[in-house]
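Q: I have a new model open on my screen and would like to learn how to read it. Can we go through it together?

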Amino acid sequence: MNEQQLTQSTQRPKPTADDGVLVVSADRARREQLVAALDQRFEVEPVASAERAIATATLGGIRLAVVRDDQPSIEVGEIARAFDRLGVGIVVVSPNPSLDDAVQAMQAGVLDIFADETSDQAIAQRVDDAMQRATTSQARQRRIIRLKQLCRQLNTARNQMADEVGNLCSELASAYATLDQQLATMRLSSEFEGVIRQELELESLLRTALEFFLAKFGSLNAAVYLPDQSGDYSLGAYVNYDCPKATAEVMLEQLADVIPSRFERAAGPFRLQSEADLQRALGEGATWLSGQTLLAAPCHEDGECLAVIALFRDRRNAFDEDAVRTFAVLVEAFAAQLARVVRVHHRCAQDEGWGMADEADDGFGLAA
């Protein structure tokens, strides 16, 4: 093997296009010398200015820039920072580098700095070392970028999972609340049905039902309006909490011409909280309930209204949403039992209907 073959066999293969080297020098002669020193090992592209070098590196394929410190319009530190943003390493060749120059260059991210007098062989070796450091650094930088991307994706996924878990918890809480409310409704309905199921006399049913209403709602006034053969309503039973007996009977009888006709075809309980609500629903009859809050609902069975129930009390103790739900459950159960009583008594078809009966006042007014 001759000397030329030995030299060629020990030469490192030229790197790929991604490992290109820029040689940057305003001095043409020195630029050509650097190219000659590196051309056997690297894909070298010479340029005269840092601006041209940066523009070339922006296009890609450049791993390292060998920059001679002879650029008239830009400092080496600024060049180094520009190449660093592009992911390109930099080696500086200086006519007469000092220790301070080397420190400042390294602080700016320069991989190596050496003097013009450095031999071609030494230049090639130092650029080779810098290339390896640049490759390692850039690979590390890519891993860091990839890790940051994965962290962002993980954080996004974690936030999405947290949102999903939060939504699921909210849905479960809502489902449990709904289930708890349904169970409470079933318990209330079963309790009331158990109390009134054995009441097959109208008077006993009305008394027992009103006593249960008082137990659940507290102190209030209540009236049950029953229809007669002609479809007109009269007061079938009442609870008088805060009115003189004579006044209560007059008021409730007057309301018999107002409340049933307004609510006998309603789909469910109505709550009237304000004077404006009462005026819209009852018209002139609202004057009888001034300062009161009203709950009213019809008792339907097979499409027929068997009774209308009205509860009212001072607005300062107004009925809340729980009271409305409770009222709806009790009205439904009462309507079913009232229908049984009507069937037992052949719909109570007496000529006199279900008018008022005079009885001793014990807090309840009842008619049968």
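Q: How many helices and strands are there in the protein?

A: First, the ground rules: this is a predicted model, where local features need pLDDT of at least 70, side-chain atom pairs count only at pLDDT 80 or more, and totals for chains, interfaces and linings use all residues. Residues are numbered from 1 along each chain as its sequence is written, and side-chain values use heavy atoms, with hydrogens and water left out. Helices (H or I, at least four residues) and strands (E, at least two) are DSSP runs, numbered from the N terminus. Here the protein has eleven helices and eleven strands.

Q: What share of the residues count as buried?

A: Buried means under 20% relative accessible area, exposed means over 50%, and partly exposed is in between (1.4 Å probe, protein chains only). By that rule, 40% of the 368 residues are buried.

Q: Which residues of helix α2 are buried?

A: An α-helix has 3.6 residues a turn, so residues three or four places apart point the same way. In α2, residues 28-38, the buried ones are R30, R31, L34, V35, A37 and L38. Looking down the axis of α2, you find these buried residues within an arc of 160°, so they line one face of the helix. The arc is that of the directions from the helix axis to the C-beta atoms. R28 and A36, on the other side of α2, are exposed.

Q: What do the buried residues of α2 pack against?

A: Contact means heavy atoms within 4.5 Å. The partners of the buried α2 residues are β1 (20-24), β2 (44-47), β3 (62-68), β4 (89-94) and α6 (120-196).

Q: Which side-chain oxygen sits at the start of α2?

A: That one belongs to D27, and it comes to within 3.0 Å of the backbone nitrogen of A29. For reference, a polar contact is a pair of N or O atoms within 3.5 Å; within protein, one must be able to donate a hydrogen and the other to accept it, and residues adjacent in sequence count only if both atoms are side-chain atoms.

Q: Which residues of helix α8 are buried?

A: In α8 (residues 245-255), the buried residues are A248, M251, L252 and L255. Down the axis of α8 they fall within an arc of 95°, so they line one face of the helix. What covers them includes β6 (221-227), β7 (233-239), α9 (259-263) and β10 (304-314).

Q: At what angle do α6 and α11 pack?

A: For this, axes are lines fitted to C-alpha atoms, for helices over the stretch in contact, and angles run from 0 to 180 degrees between N-to-C directions. α6 and α11 (residues 321-344) pack at about 40°, and their axes are 9 Å apart. On the α6 side the contact is made by Q181, T185, L188, S189, F192, E193 and I196, and on the α11 side by R325, T326, V329, L330, A333, F334 and Q337.

Q: Is Q337 buried or exposed?

A: Q337 lies in α11, and it counts as buried because its relative accessibility is 1%. Leaving aside neighbours within four places in sequence, Q337 is in contact with I196, R197, E199, L200 and L205.

Q: Where is Q71, and what does it touch?

A: Look in the loop between β3 and α4 (76-85). Q71 has 12% relative accessibility, so it counts as buried. Not counting residues up to four places away in sequence, Q71 touches V24, S25, A26, A48, S49, A50 and I79. Its side chain reaches the backbone nitrogen of A50 at 2.9 Å, and also makes a polar contact with the side chain of D70 (3.2 Å).

Q: Why does T56 count as buried?

A: T56, in helix α3 (residues 50-58), is buried because its relative accessible area is 10%. The side chain of T56 reaches the backbone oxygen of R52 at 2.9 Å.

Q: What is the phi of D302?

A: Most residues other than glycine have a negative phi. D302 has a phi near 55°, a positive value. D302 is in the loop between β9 (292-301) and β10, and is exposed, with a relative accessible area of 75%.
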